[in-house]
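Please keep the sequence and the structure in view while reading.

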Amino acid sequence: MKITFLGTGTSQGIPIIGSDHPVCLSDDPKDKRLRVSVMVEWGRYCYVIDCGPDFRQQMLRAGVSRIDGILFTHEHADHTMGLDDIRPFFFRQGDIPIYAHQRVLGELRQRFPYIFVNGKEKYPGAPGVREYEVVNGKPVLLGGMEVIPVNVMHNRLQVFGYRFGDFAYLTDVKTIAEEEIEKVVGVKALVINALRLKPHPSHLNLEEALQMVERIKPEKAYFTHISHMLGFHAEVEKELPPGVHLAYDNLQIVV
Ligand SMILES: [Zn+2]
């Protein structure tokens with residue numbers, strides 16, 4: 001299984017528009033972060049987790065010409081606002097499967113009503129989707145793989161993480177119940193959010209993310225959903241314990 005980090009930034013991305021923060025002005029390509037998303041590929045299958053405002057640029061940058069579906073973690077704009085840009089995939093492949101919590105499917109229908117219209121009423125050129133509801137406790141069968149939803153909390157908002165075999169992707173986490181932690185304990189590769197150094201009401205900061213890694217005990221951990229306030233990639237990376245890394249855009253790992 002190959003994982004490509006399509007974006008590793010927090011909601012505004014890095015650089016932030018108009019910012020003169022040193023991290024936003026950095027020349028290091030690892031300090032340029034699009035909105036958070038990953039692509040997971042195995043065999044002939046290709047799935048993307050979340051579809052934020054940078055989706056078009058991410059698909060072009062990664063040279064993607066076909067996707068089997070999009071899994072959503074939650075409805076926040078940085079995870080959903082690129083949905084209209086599935087059009088090139090829709091024109092070639094037909095309706096694109098989307099997987100999300102029932103609440104998130106409802107939010108998408110409200111924000112993109114024209115995508116969810118069927119039959120003659122549909123505007124020509126509008127994309128189409130096939131909706132699949134994700135329910136906690138029920139694995140989703142994708143390309144012969146059982147993908148396990150993992151319930152995490154983003155302050156008071158429920159968010160889905162996903163486990164694909166020995167790979168787990170958890171973003172926008174602040175807390176996780178013990179029984180949900182058990183679903184991902186000991187994976188080979190864990191991706192989890194680490195926003196910045198200071199605490200935040202709905203995201204793990206660096207210290208909390210490191211504690212979460214101690215609880216989950218993956219072979220390797222990669223931090224994502226990173227703010228400019230975490231610091232320069234190169235400086236933060238060298239302070240991390242063995243087996244723990246900051247992810248960066250275009251990073252690929254094989255699990
Ligand atoms: Zn987010």
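## Terms and basis

Two strands are said to pair if DSSP finds at least two bridges between them. Strands (E, at least two residues) and helices (H or I, at least four) are DSSP runs, numbered from the N terminus.

The model is predicted: local features need pLDDT of at least 70, side-chain atom pairs count only at pLDDT 80 or more, and totals for chains, interfaces and linings use all residues. Residue numbers start from 1 along each chain as its sequence is written.

## Overall form

The protein contains 8 helices and 14 strands. Its C-alpha atoms fill a box of roughly 55 × 45 × 35 Å along the principal axes. The radius of gyration, taken over C-alpha atoms, is compared with a globule rule of 2.2 Å times the number of residues to the power 0.38. Because a compact globule of 255 residues would have a radius near 18 Å, the value of 18 Å for the protein agrees with the rule.

UniProt, in an unreviewed entry, lists residues 34-225 as "domain: Metallo-beta-lactamase"; such annotations may be inferred rather than shown by experiment. This span is 22% helix and 31% strand, and its end C-alpha atoms lie 9 Å apart.

Strands of a sheet pair through backbone hydrogen bonds, either parallel or antiparallel.

β7 pairs with β8 (residues 145-154) in the antiparallel sense over 3 bridges. Leu141 stands opposite Glu146 in β8.

A residue is buried if 20 or more other C-beta atoms, placed from the backbone, lie within 10 Å of its own, exposed if 12 or fewer do, and partly exposed in between. Buried residues make up 41% of the 255 residues. A nonpolar core is a set of buried Ala, Val, Leu, Ile, Met, Phe, Trp, Tyr and Cys residues joined through C-beta atoms within 7 Å.

The largest nonpolar core has 64 residues, and Leu190, Ile192 and Ala194 have the most contacts inside it. Helix α7 (residues 206-216) gives the most to this core, with 5 residues. Two residues are in contact if their C-beta atoms, placed from the backbone, lie within 7 Å. Beyond its neighbours within four places in sequence, Ala194 is in contact with residues including Leu206, Ala209 and Phe223.
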